[in-house]
Amino acid sequence: MYEEEIEKYASDIIESENFKSTKNHFQHGNMTVYEHCMCVTKASLAIRDRLKIKCNDRDLVRGALLHDYFLYDWHLQDEKNAHKRAHGFCHPAIALKNARKEYNINIRQADIIIKHMWPLTIIPPLCREGWIVTMADKYCSTLETLSIRRGEIHERQMRRQKLLNMFRLGRV
Ligand SMILES: [Fe+2]
Ligand SMILES: [Fe+2]
């Protein structure tokens, strides 16, 4: 669902080599930045439809796709690049800078990208498209993080069960 609308407004972005390179970087757990950005874009369109919000669809799609266009793996610590240590605060500005190098980013799209981490970025979004993407990003990130936790708990339970079985069989 929503693939056609994304294609209509942003085929240049989704077909670009740099955007495809986000498939090589992880966001939460084993979810790539590419998958996360697609998820946030679809969730943004779903919020628009569910709440019947009139907005600029093109800006919504393009801003959502590029909101995490920081183009590095934030899990890899790098002492020389302080922005990786403060990823949460720094990446919206880096994403906007990268997006501007390749695309004609208007004021609304810039607002979506730079404010999507609100309230971390203090100043709230100034357009409804920005509010939608901020909500969609939090929704997707929460689900992605919860599924990691669920995986961890499952793994812990499996390990505990294995140990119990070993006790029962007298191997410990
Ligand atoms: Fe982000
Ligand atoms: Fe995000």
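Predicted model: local features only at pLDDT ≥ 70, side-chain atom pairs only at ≥ 80, totals over all residues.
The setting is a chain whose secondary structure comes to eight helices and zero strands, so that, because helices are the elements found by DSSP here, reading along the sequence gives the pattern α-α-α-α-α-α-α-α. Of the 172 residues in the chain, 28% are buried. Among the contacts between residues at least 6 apart in sequence, 62% join residues at least 24 apart.

Within this chain, helix α4 spans residues 57-66, and it is largely enclosed by the rest of the structure because eight of its 10 residues are buried. Those buried residues are Asp59, Leu60, Val61, Arg62, Gly63, Ala64, Leu65 and Leu66. Three of them, Ala64, Leu65 and Leu66, return in the largest nonpolar core, which has 26 residues and in which they are listed, together with Val40, Ala95, Ala99 and Ala136, as having the most contacts. The elements that give two or more residues to this core are α1 (3-14), α3 (33-50), α4, α6 (87-102), α7 (107-115) and α8 (128-168).

For α1 and α4, the angle is about 55° and the axes are 9 Å apart, which makes α1 oblique to α4. Their crossing is right-handed, and in it Glu5, Ile6, Tyr9, Ala10 and Ile13 of α1 meet Asp57, Arg58, Val61, Arg62, Leu65 and Leu66 of α4. By class, the residues of this contact divide into seven nonpolar, no polar and four charged.

With α3 the arrangement is as follows: the axes of α3 and α4 come within 8 Å and cross at roughly 150°, and α3 is therefore roughly antiparallel to α4. Here too the crossing is right-handed, and Cys37, Val40, Thr41, Ser44 and Arg48 from α3 meet Leu60, Val61, Ala64 and Leu65 from α4. The residues of this contact divide into six nonpolar, two polar and one charged.

Ala95, which is among the core residues with the most contacts, is in contact with Leu66, His67, Asp68, Tyr69, Phe70 and Ile113 once its neighbours within four places in sequence are left aside. Thr142, by contrast, has its place in helix α8 and is exposed, because 11 other C-beta atoms lie within 10 Å and a residue counts as exposed at 12 or fewer. Although Thr142 and His28 are 114 residues apart in sequence, they are 9.5 Å apart in space, C-alpha to C-alpha.

How values were computed: Residues numbered from 1 in each chain as written. Chains lettered and ligands numbered in written order. Buried ≥ 20, exposed ≤ 12 C-beta atoms within 10 Å, placed from the backbone. Helix = DSSP H or I, 4+ residues; strand = E, 2+ residues; numbered from the N terminus. Core = buried A, V, L, I, M, F, W, Y, C linked by C-beta atoms within 7 Å. Contact = placed C-beta atoms within 7 Å. Axes fitted to C-alpha atoms, helices over the stretch in contact; angles between N-to-C directions. Parallel < 35°, antiparallel > 145°, perpendicular 65-115°, else oblique. Left-handed = near helix turned anticlockwise from the far one by under 90°. Nonpolar A, V, L, I, M, F, W, Y, C, P; charged D, E, K, R; others polar.
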